[in-house]
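Trainee: Could you take me through a structure feature by feature, giving the general idea of each before the case at hand?

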Amino acid sequence: MKSQTELRRRVAVEGAKLPDELHPLLRRLYQHRGVLHASELERGAKNLHPFHSLSGIELAAEILQKAIADNLCIMIVGDFDADGATSTALAVLALRSMGGRNVKYLVPNRFDDGYGLSPEVVEQAAARGAQLIVTVDNGISSHAGVTLAHEKGIAVVVTDHHLPGETLPDAEAIVNPNLADSTFPSRSLAGVGVAFYLMLALRARLRDSGAEVLPNLAELLDLVALGTVADVVPLDANNRILVWQGLSRIRAGKCRAGIKALLEIANRDPRQLAASDLGFALGPRLNAAGRLDDMSVGVALLLSEDIAQARMLASELDALNQTRKEIEQGMQREALALCDALERSSEALPLGIAMYHPEWHQGVVGILASRLKERFHRPVIAFAPAGDGTLKGSGRSVAGLHMRDALERLDTLHPGLIIKFGGHAMAAGLSLEEAKFAEFRQHFGDLVGEWLDKEALQGVVWSDGELMARELTLPTAELLREAGPWGQAFPEPQFDGKFKLIQQRLVGERHLKVMIEPLGGGPLLDGIAFNVDTALWPDPSVKQVELAYKLDINEFRGNRSVQLIIEKLWPL
């Protein structure tokens with residue numbers, strides 16, 4: 001399917017009151033992102049929202065303080081993605097640094113235990129002597145797990161950021177910025193952000209109780225930055241502070257040995273690190289452990305104090321990530337073949353796509369759904385067999401359709417169709433019986449057709465407008481890099497323009513390397529477009545192009561130069 005993609009320019013928000021001394025280009029970019037006041041651009045830790053308004057946090061901190069004083073066995077139960085791994089490592093490190101002498105962790109295995117604080121995980125925690133369970137990045141829907149923990153005499157504190165259902169588990173305390181009674185200004189905290197805030201509250205209680213030696217929790221902000229970016233939560237003003245502070249520590253070399261090892265294996269210079277590197281270089285390697293094997297490897301990497309051991313674990317994760325890429329490429333070929341077959345039939349491609357293949361890998365269906373969403377510009381749920389007659393699905397949505405709300409609506413309209421579900425607006429997971437897949441596919445496609453019109457499914461490339469020839473320079477690229485952190489809901493600046501196409505050639509298998517010059521005259525520039533359609537490019541007959549691009553810095557053998565990262569190119 002050759003989907004149409006149109007270029008649209010962002011519009012500045014009205015009423016912005018930004019400093020006069022702000023660079024004109026940055027003023028424009030911030031106004032395009034809805035920034036109204038200079039306070040939203042503050043990146044100092046002192047500007048973080050205080051923890052006090054997070055519902056349940058004082059009670060949770062009190063429970064932790066007493067558990068430490070009584071030397072209880074505290075079991076941190078995490079999740080098998082990068083947010084869960086960083087949350088787990090942060091909670092373990094913080095509690096141990098604040099006097100916890102019996103702090104353990106347990107990461108569910110995606111294939112054996114399922115998601116969250118399942119009864120299977122509670123059994124494992126009990127067998128290892130847990131007296132208090134603290135969930136990080138999960139637990140808000142773990143009713144059965146909390147009930148079983150109580151039957152075994154184990155108290156539970158839930159920290160999570162996923163959207164709650166109609167009822168909450170009967171935990172001793174729940175900390176989640178998305179609870180109905182929450183007044184915390186930022187509902188976009190990642191799981192690692194919630195865990196960090198709880199540790200801040202615990203540290204404050206210990207200080208008020210007279211503790212003299214307390215850790216500097218800012219030392220854990222490298223983990224917060226990595227988990228926040230990797231989980232693709234919206235970078236609101238508060239999350240931007242958390243990410244910037246963590247990035248700054250990593251750039252200064254003040255980070256965990258595990259993060260240093262990941263940077264090395266990804267061939268990234270920490271001094272030049274951008275938020276996008278956390279999302280595209282470090283996050284996938286960490287996630288690979290939970291997708292294909294066991295995230296305990298990832299947590300062990302983040303907890304490691306020994307750089308030699310960290311390098312060994314990072315190499316293991318890198319190998320898993322390579323395997324993940326190979327599995328994903330095979331699944332993607334199969335998925336596209338299914339889409340092509342559907343298009344060749346009398347049926348149109350549904351507005352909401354649900355796909356299943358009996359040989360797909362359940363650890364990779366989320367990435368597959370994301371790739372198909374980007375290609376076809378519509379919500380996608382990809383399913384793989386769980387091995388017990390059920391399917392595990394992972395969905396990715398587009399602007400205008402709340403994925404978790406859609407699943408909740410389907411569950412209401414068709415009771416018994418879905419076994420369980422949970423997630424966010426843009427990503428969600430679910431389980432259903434294999435025999436009900438065809439029924440689910442039909443109902444999902446119908447619901448998306450009701451909730452979205454075809455206009456909403458048009459592929460759109462958003463631009464911040466043109467850059468003048470004199471702005472296509474290294475100082476401008478450096479200005480943009482330092483003006484972030486950029487990320488979800490605060491997108492990296494992207495521009496459009498028309499250029500002469502002087503040279504074009506393929507590098508690798510599908511990357512188009514070009515040399516261009518602005519149509520109105522200006523500097524000769526290098527550019528690269530990743531994963532182009534090789535049936536269309538390179539095309540020697542095309543002499544002029546319109547580009548949507550990001551201004552990047554290419555570093556090679558100590559030399560730094562401007563490079564355009566081309567998102568989309570159209571022949572003129």
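Trainee: At its relative accessibility, does serine 142 count as buried or exposed, and where is it found?

Mentor: A residue is called buried under 20% relative accessible area, exposed over 50% and partly exposed in between, with a 1.4 Å probe and protein chains only. At 8% relative accessibility, serine 142 therefore counts as buried, and it is found in the loop between S4 and H5. Such labels denote DSSP runs numbered from the N terminus, helices being H or I of at least four residues and strands E of at least two. Please keep in mind that this is a predicted model, in which local features need pLDDT of at least 70 and side-chain atom pairs count only at pLDDT 80 or more, while totals for chains, interfaces and linings use all residues. Residues are numbered from 1 along each chain as its sequence is written, and side-chain values use heavy atoms, with hydrogens and water left out.

Trainee: Which residues is serine 142 in contact with, leaving aside its neighbours within four places in sequence?

Mentor: Contact means heavy atoms within 4.5 Å. Once the neighbours within four places in sequence are set aside, serine 142 is in contact with Gly116, Leu117 and Pro169.

Trainee: What joins glycine 484 and proline 485?

Mentor: Here one reads the omega angle, which is about 10° for the cis peptide bond joining glycine 484 and proline 485. Proline 485 is found in the loop between helix H16 (474-482) and strand S13 (495-507). A cis peptide bond also joins tryptophan 537 and proline 538, with omega about -5°, and proline 538 lies in the loop between S15 and S16.

Trainee: How many bridges join strand S15 to strand S17?

Mentor: Two strands pair if DSSP finds at least two bridges between them. Strand S15 (residues 525-529) and strand S17 (residues 559-571) run parallel and are joined by 4 bridges, and isoleucine 528 has isoleucine 565 as its bridge partner in S17. Strand S16 (residues 544-556) pairs with S17 in the antiparallel sense over 12 bridges, and there it is lysine 550 that stands opposite isoleucine 565. S16 and S17 form a hairpin with 2 residues between them, and in the turn arginine 557 has a positive phi of about 50°.

Trainee: Where is the place of glycine 298, and what does it touch?

Mentor: Glycine 298 has its place in helix H11 (residues 296-303), and at 0% relative accessibility it counts as buried. Not counting residues up to four places away in sequence, glycine 298 touches Leu286, Ala289 and Leu317. Glycine 298 and arginine 285, which are 13 residues apart in sequence, are 8.9 Å apart in space, C-alpha to C-alpha. For another case, take alanine 12, which is found in the loop between strand S1 (5-9) and helix H1 (24-32) and, at 33% relative accessibility, counts as partly exposed. Leaving aside neighbours within four places in sequence, alanine 12 is in contact with Gln31 and His32.

Trainee: How many helices and strands are there in the chain, and why is it as compact as a globular protein of that length?

Mentor: There are 16 helices and 17 strands in the chain. Its radius of gyration is 24 Å, close to the 25 Å that the globule rule gives for 572 residues, so the chain is as compact as a globular protein of that length. The radius is taken over C-alpha atoms, and the rule is 2.2 Å times the number of residues to the power 0.38. Of the 572 residues, 52% count as buried. Among contacts between residues at least 6 apart in sequence, 67% join residues at least 24 apart.
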